[in-house]
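I opened my notebook to see what I could look up in one protein chain. Come along and check each entry against the picture.

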Amino acid sequence: DVDEMQSLCLPRGYWPQETMLLMRLLLLTPRDLNRRDANLLQSFSDLGMKNAFSPSVERRALRTLRQLCLELLQRCPEALRRSDARLMAEPERLQRLPTKEKCAIMTRYGEVNVLETNVRRIDRLLDHIPFVFDKKEA
C-alpha cells in the first residue's frame, strides 16, 4: 500500500510523514536527483519528497530507521527485558512493587515493545517496496 510508504517511531509501528521525509533527505545522493543543473531547490520540489519516489532511496531510509531501532533495543539487556515481560504478565506481582519501580518497568516494557513492533513493520515494508513501485508505474 502506498500510504504505508509515506508514514521518530510511534506505537504500533506508525511514523509521521515528516520522519520518512527527513530520512529520505538525509540519505539522498546526487545520483538520486538525476539533475545536472545547479538549481538544487527545484530538483527537490520536482521529486515530491513527501512521497516515496524511488525504491533505492526508500530502501535506504527504511534500513537506516531499522538500524536505529535495533541500536536502541541493544541498549536494554536481554535479561532485563525478560524480567520486565514476566512482571508485566503477572499484574499482582507488579502491583506490589514501589510506584517508581513499577513505572520504570512499564515504561521500559512499552519502549521495547514499540521498538520491536517498528522493526517488524519495517521488515514488512522492505518486502513490499518492489510491489508498491510496480503498482505506481503501471
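**Entry 1: Arg81.** I began with Arg81, which lies in helix H6 (residues 78-89). Helices are DSSP runs of H or I with at least four residues, strands are runs of E with at least two, and both are numbered from the N terminus. Is Arg81 buried or exposed? I found Arg81 at 18% relative accessibility, so Arg81 counts as buried. Buried means under 20% relative accessible area, exposed over 50%, and partly exposed in between, with a 1.4 Å probe and protein chains only. Leaving aside neighbours within four places in sequence, I saw Arg81 in contact with Leu73, Cys76, Val112 and Glu116 (contact means heavy atoms within 4.5 Å).

**Entry 2: where the model comes from.** I noted that this is a predicted model, where local features need pLDDT of at least 70, side-chain atom pairs count only at pLDDT 80 or more, and totals for chains, interfaces and linings use all residues. Residues are numbered from 1 along each chain as its sequence is written, and side-chain values use heavy atoms, with hydrogens and water left out.

**Entry 3: the whole chain.** I counted eight helices and zero strands. Of the 138 residues, 31% count as buried.

**Entry 4: Gln74.** Gln74 is found in helix H5. With 64% relative accessibility, Gln74 counts as exposed.

**Entry 5: a pocket.** Which residues line the second largest pocket? I listed Leu72, Leu73, Cys76, Arg108, Glu111, Val112 and Leu115. A pocket is an open set of points on a 1 Å grid over the protein atoms alone, with protein on both sides within 12 Å along at least five of seven lines, and lining residues have an atom within 4 Å of a point. H8 gives the largest share of this lining, four residues. By class, I noted five nonpolar, no polar and two charged residues in the lining (Ala, Val, Leu, Ile, Met, Phe, Trp, Tyr, Cys and Pro count as nonpolar, Asp, Glu, Lys and Arg as charged, the others, Gly among them, as polar).

**Entry 6: two helices crossing.** The axes of H2 (residues 17-27) and H5 (residues 55-74) come within 9 Å and cross at roughly 110°. That makes H2 roughly perpendicular to H5 (65 to 115 degrees). Among the residues that meet there, I picked out Met20 and Leu27 in H2 and Val57 and Leu65 in H5.

Notes. Axes fitted to C-alpha atoms, helices over the stretch in contact; angles between N-to-C directions. Parallel < 35°, antiparallel > 145°, perpendicular 65-115°, else oblique. 1 Å grid on protein atoms, 1.4 Å probe; cavity = no way out; pocket = protein on both sides within 12 Å on 5 of 7 lines; lining within 4 Å.
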